[in-house]
Amino acid sequence: MKRLREVFLSALMLENPLMRLMIGLCSALAISTRVESTLFMGMAATFVLVCSNTIISLSRKVIPDEVRIPVFIVVIASFVTIVDLVMRAYFPPIYARLGVWIPLIVVNCIILGRAEAFASKNDVLASVADGLGMGGGYTIVLLIMGTFRELVGTGKIVMFERTLVSLGSTFQPPTIVVLFPGAFFTFGFLMAILNKLENRWWGK
Amino acid sequence: MMEAARTYLLLFFGAAIVYNILLIRFIGLCPFFGVSKSIETSIGMSVAVLFVMTVATSACWLLWGLVLQPLGVGEFLYIPSFILVIAALVQFEEMFIRKVSPPLYKAMGIYLPLITTNCAVLAVAVESVKPGFLKLNIPYHYSLPEAVVYAIGVACGFAVAIVMFAAIRERIELAPIAKSLRGAPIGFITAGLMSLAFMGFAGLFKL
């Protein structure tokens, strides 16, 4: 149990896929314009990550080493297809907004990277914990970026067509935050702030 | 004739500059930050992407039009089948480059096999066949030559952005920068400024 918690926490913080390993950036930058999208994207990626980690970890002894990458990709692609069809059937407006990013979960480096680096070498429970930690870490960073960009860039947060938070009509939103360059700026400064805090706390 | 030429030209420049795949659409950022340390490797990477993207898009278009669509299985088989086509092509290209130019092979290192998981290649292949996705903002079925021109345009846009970024980065290496901004964060901020510049092309023309 202790080991599982360690795996989970290390995946969530120390090896945070976006901030520390710097993988899976594309989707994070592109869809973090709205909190709602980040929530669904985070759930979709976590689902695929946990499921593919489980299957790959279970079958790690029967997969021949030479063809492991194609096998991993087919496993991942199957789960992404499930997400693709479910999202299209039950959440058409969100599917339309996420667009090409749902099929692109297949080529999200986080998922193949964890299959190769973790699930193919560890037992099932640890792989599930790693999947949850990685997915959670990805979702948290997405939520932070999404909240900041939607709140500052548009002046309010809208979820399921209801306004949750509003900064009032006197606030004039700097639209640049929610446009394309804003994604790069937000991510760069988020990373810099994290570096700063790390330096202060651990004095590295 | 003139009309067709105009469409292709608009498609090419739209894909390369107005909807630049790296700076405006954020697709394929891993090599953008990974191999952009020197101009030379980024040129190598761009050539590899241009080749894989063009061939993969035509192969996937044919696969969709001749096999998946007539059999009615496209909706749920397109993701696995496209990714396998791309993986096979990358494998082929890797063998080819290793044979023809060992220095280039060495320079591209880990990023050559990673083109398989470069979202840009899959994205362009998917966009060239699936209706309803963002294709320069209009739902539209590409014909084969249009899909090829679109793929070449996207790859050229990729090359322009990554080579420019590599050139800027070579200079940043020498600049005095605050400690917590050093490395990746300043890279993102640079990319943001470039993206800001590319946004200026947005009103260039309407498709």
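Modeller: Across the interface of chain B and chain A there is 1 residue pair in polar contact, with both residues at pLDDT 80 or more; a polar contact is a pair of N or O atoms within 3.5 Å, one able to donate a hydrogen and the other to accept it, and residues adjacent in sequence count only if both atoms are side-chain atoms. The model is predicted, so local features need pLDDT of at least 70 and side-chain atom pairs count only at pLDDT 80 or more, whereas totals for chains, interfaces and linings use all residues. Residues are numbered from 1 along each chain as its sequence is written, chains are lettered from A and ligands numbered from 1 in the order in which they are written, and side-chain values use heavy atoms, without hydrogens or water.

The contact (heavy atoms within 4.5 Å) involves 40 residues of chain A and 39 residues of chain B. Together the two chains bury about 3400 Å², 83% of it on carbon and sulfur atoms; buried area is the accessible area (1.4 Å probe) lost on being put together, summed over both parts. On the chain B side, two or more residues each come from α2 (29-34), α4 (74-100), α7 (119-129) and α9 (184-199). Of these, α9(B) gives the most, with 10 residues. By class, that side has 28 nonpolar, 6 polar and 5 charged residues.

The largest cavity has a volume of about 70 Å³. Its lining (residues with an atom within 4 Å of a point) includes A:W101, A:C109, B:C30 and B:C119. The lining comprises 8 nonpolar, 3 polar and no charged residues.

Definitions and conventions:
1 Å grid on protein atoms, 1.4 Å probe; cavity = no way out; pocket = protein on both sides within 12 Å on 5 of 7 lines; lining within 4 Å. Points joined across faces, edges and corners; volume = space filled by probe spheres on them. Nonpolar A, V, L, I, M, F, W, Y, C, P; charged D, E, K, R; others polar. Helix = DSSP H or I, 4+ residues; strand = E, 2+ residues; numbered from the N terminus.
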